[in-house]
Amino acid sequence: MASPFQHFIDDLEAPVSARRFGSGWFAGFFGLLLACAGFGLVVALRYPDWFSMPELKAAEQTNWFRPLIHIILLAGYALALLSLLLRRKKAIGFTALIIGIAAALLGGANVSPRETHDWGIFFGVDFFVVNLIAAGLIFAPIERFWPHNRDQRLFRIEWREDLFYYLISSMLVQVFTYLALAPSSIINANTTNLASIRAAIGGQPWLLQFVEAMILTDLAQYWFHRAFHRFPFLWGFHAVHHSAKAMDWLAGARMHFVEIILLRGVTSLPLLTFGFLPSVMQAYVALVYVYSGLVHANLKGDFDRFGHVMVTPRFHHWHHGIEKEAIDVNFAIHFPLWDKLFGTFYFPKGKWPSGYGVPEKVPNGYWKQLAYPFVRRQKEVEAARVE
């Protein structure tokens, strides 16, 4: 007999024919989404020292934040009840209702912060909720109404793994940020002679700084990206990202934590070292979050001309393609110019890859993929001995 959890997963991954409007599936799904969001925000308010980002605490203390949570929870309840009324299978609606009730038992929108020992370490639950809702509201609708692959469902193969990656990268944002910024902090502390250059760059118009930041970081990321394809040990980390067999906005979250730290370090290095304004850095980071989801998205549009100027979904999908001609091409994150200059540009007119992934067998599951780069070489040696 299937477990309650398996019933929930089966209902969530129901075929498109069972998700039609009026079936209660959409009510259950959005009820679940709102219930989880409300629960996460209530937890962040109850234990702010442990589960709330300092940067978001200012928003959480405004007059509108708690009423917003109340609306989210009420909408979640209403949609969960509607799903229970309409749908023959009750797993999604029942789960949404239970999570909503749990949020209410914790105190709901009127929850009071509970005194905890502040260790100086936090897990960004609120950061995860805000990111997921913002990205989901942007990309889920456009992938549904303008998909490249119409047969690909919202809950496609491996969605649970990629969502877990999204959760981990958000929850451990403090750790990743500290490690990523460490090289820049050391360089800044030992390069006081660059003060005049930093002042000159920081005094430029804001928009010019933003464009310069995009160009500098894209050039740095281009060579960083090529290095992860060129050197076998580094490729072990990057192969985890390329192991996704389906492309959508959530697939971009599948990255090994070592690559995340190194990539953010490379991205922040030119920005911090040369004195760009903090607001420029913050705007660029926000752009990267959105742009990463966009170029991985299951979004139609060949963009044959525009794809020569800016990285588009089809351009980046070729980087993930399983075809032979897709190997080691299209490394740029924003500007295909770098691929054109250094001989790695591939963008056949109107053509998409037939599939995605890597030839080698990357294991399924977050924890096995976490260990994969460190055991990959050993597996290759053992396979060669057998042959």
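**View 1. Glutamine 221 within helix α11 of the predicted model.** Glutamine 221 is found in helix α11, where helices (H or I, at least four residues) are DSSP runs numbered from the N terminus. With a relative accessibility of 6%, glutamine 221 counts as buried, a class that means under 20% relative accessible area with a 1.4 Å probe and protein chains only, whereas exposed means over 50% and partly exposed lies in between. When its neighbours within four places in sequence are left aside, glutamine 221 is in contact (heavy atoms within 4.5 Å) with Leu263, Val266, Thr267, Tyr284 and Ile333. The model is predicted, so that local features need pLDDT of at least 70 and side-chain atom pairs count only at pLDDT 80 or more, while totals for chains, interfaces and linings use all residues. Residues are numbered from 1 along each chain as its sequence is written, and side-chain values use heavy atoms, with hydrogens and water left out.

**View 2. The packing of helix α11 against helix α13.** Helix α11 (residues 206-230) packs with helix α13 (residues 257-273) at an angle of about 145°, their axes being 8 Å apart; axes are lines fitted to C-alpha atoms, for helices over the stretch in contact, and angles run from 0 to 180 degrees between N-to-C directions. The crossing of these two helices, α11 and α13, is right-handed, a crossing being right-handed if the near helix is turned clockwise from the far one by less than a right angle, and left-handed if anticlockwise. Among the α11 residues that meet α13 are Leu216, Gln221 and Phe228, and the α13 side includes Glu259, Val266 and Leu271. The residues of this contact divide into ten nonpolar, three polar and one charged, where Ala, Val, Leu, Ile, Met, Phe, Trp, Tyr, Cys and Pro count as nonpolar, Asp, Glu, Lys and Arg as charged, and the others, Gly among them, as polar.

**View 3. The packing of helix α2 against helix α5.** The axes of helix α2 (residues 25-46) and helix α5 (residues 65-86) come within 8 Å and cross at roughly 145°, and α2 passes α5 in a left-handed crossing. The contact includes Gly31, Leu34 and Gly38 in α2, with Arg66, Ile69 and Gly76 among the residues of α5. By class, the residues in this contact of α2 with α5 are 15 nonpolar, five polar and one charged.

**View 4. Arginine 198 in helix α10.** Arginine 198 lies in helix α10 (residues 195-202) and is buried, with a relative accessible area of 16%. Not counting residues up to four places away in sequence, arginine 198 touches Ile187, Asn188, Thr191, Leu272, Thr273, Phe274 and Gly275.

**View 5. The lining of the largest cavity.** On a 1 Å grid over the protein atoms alone, a cavity is a set of points where a 1.4 Å probe fits but cannot get out, and lining residues have an atom within 4 Å of a point. About 30 Å³ of space lies in the largest cavity, and the residues that line this cavity are Tyr165, Ile168, Ser169, Phe176, Met255, Phe257, Ile260 and Tyr366. Helix α8 gives the most to the lining, with three residues, and the lining as a whole divides into seven nonpolar, one polar and no charged residues.

Methods:
1 Å grid on protein atoms, 1.4 Å probe; cavity = no way out; pocket = protein on both sides within 12 Å on 5 of 7 lines; lining within 4 Å. Points joined across faces, edges and corners; volume = space filled by probe spheres on them.
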